[in-house]
Structure formats: C-alpha cells, structure tokens
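Dear colleague,

Please find below the structure I promised to pass on to you. My notes on it follow directly after.

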Amino acid sequence: MELFRIHIRPSYDSNVNADTFKYCLNHNLLGVGWRVGKAGVFRTTDWEIYKKAATNPPYDGTGEDYSIQQPQFIFKYVKRGDLVWTRDTDSHYYLAQVTSG
C-alpha cells in the first residue's frame, strides 16, 4: 500500500475549485488530468484515447508532453488499495482508499 497526494484544482478561481471538490466528494471520485478540447474525448474513461488527445499535439503547446506527466504517473503507480489524501478549499483534509481505476 502506498500513499499519494492529489490536488483537485482545475482553475485559478476558488469558487470553481470548491464546486469541483464538492462534486468529486459527492460522487466518490479522485482524478487528475487536463481538458483536451477534442470532440469525443470529454467524457472518455479509456486511457489510450485520453493520452493520445492530451499529447498529440501536446495540450500545452510547448512541444513537450508536460500536461500528461501527472496523469501518467497516477495511471502507472496508483493502484487499488492505495491511499490518496487531498485538501479542500477550506483546508479540510481528506483521505481516500483507491477502489478502482
């Protein structure tokens, strides 16, 4: 069993972050990634489809695939039974156990 930290901050707007955190908490979700802006990818749970959309061309436009590094790390190393901690916008801490991909 491993312990990981995940940030749930999709925006610089604290209201958006608070709403996103509440959504994740209410639906028992933890996840990382970036919007890729490509049709048909917005709601995919297929890793290969997401990875291709996020890296080809790279979402950040730099020619590097920095945007996909954190999701790749999570996909590769976080496994069922591992623990993940995070913090909401009011500085309350949460600990979760991974139950699926």
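K76 counts as exposed because its relative accessibility is 52%, and the cut-off for that class is over 50%. Please bear in mind that this is a predicted model. K76 belongs to helix 3, which covers residues 66-77. The side chain of K76 also takes part in a polar contact of 3.4 Å with the side chain of Y77.

N28, which is not a glycine, has a positive phi near 55°. N28 sits in the loop that links helix 1 (14-26) with helix 2 (47-55). With a relative accessibility of 72%, N28 is classed as exposed.

The other is S91, again a residue other than glycine, with a positive phi of about 65°. Its place is the loop between strand 2 (83-87) and strand 3 (93-97). S91 counts as partly exposed, because its relative accessibility is 45%.

In soluble globular proteins, nonpolar side chains tend to be buried together. Which residues does C24 touch, leaving aside those up to four places away in sequence? They are I8 and L29.

Yours sincerely

Notes. Residues are numbered from 1 along each chain as its sequence is written. This is a predicted model: local features need pLDDT of at least 70, side-chain atom pairs count only at pLDDT 80 or more; totals for chains, interfaces and linings use all residues. Side-chain values use heavy atoms; hydrogens and water are left out. Contact means heavy atoms within 4.5 Å. Helices (H or I, at least four residues) and strands (E, at least two) are DSSP runs, numbered from the N terminus. Buried means under 20% relative accessible area, exposed over 50%, partly exposed in between (1.4 Å probe, protein chains only). A polar contact is a pair of N or O atoms within 3.5 Å; within protein, one must be able to donate a hydrogen and the other to accept it, and residues adjacent in sequence count only if both atoms are side-chain atoms.
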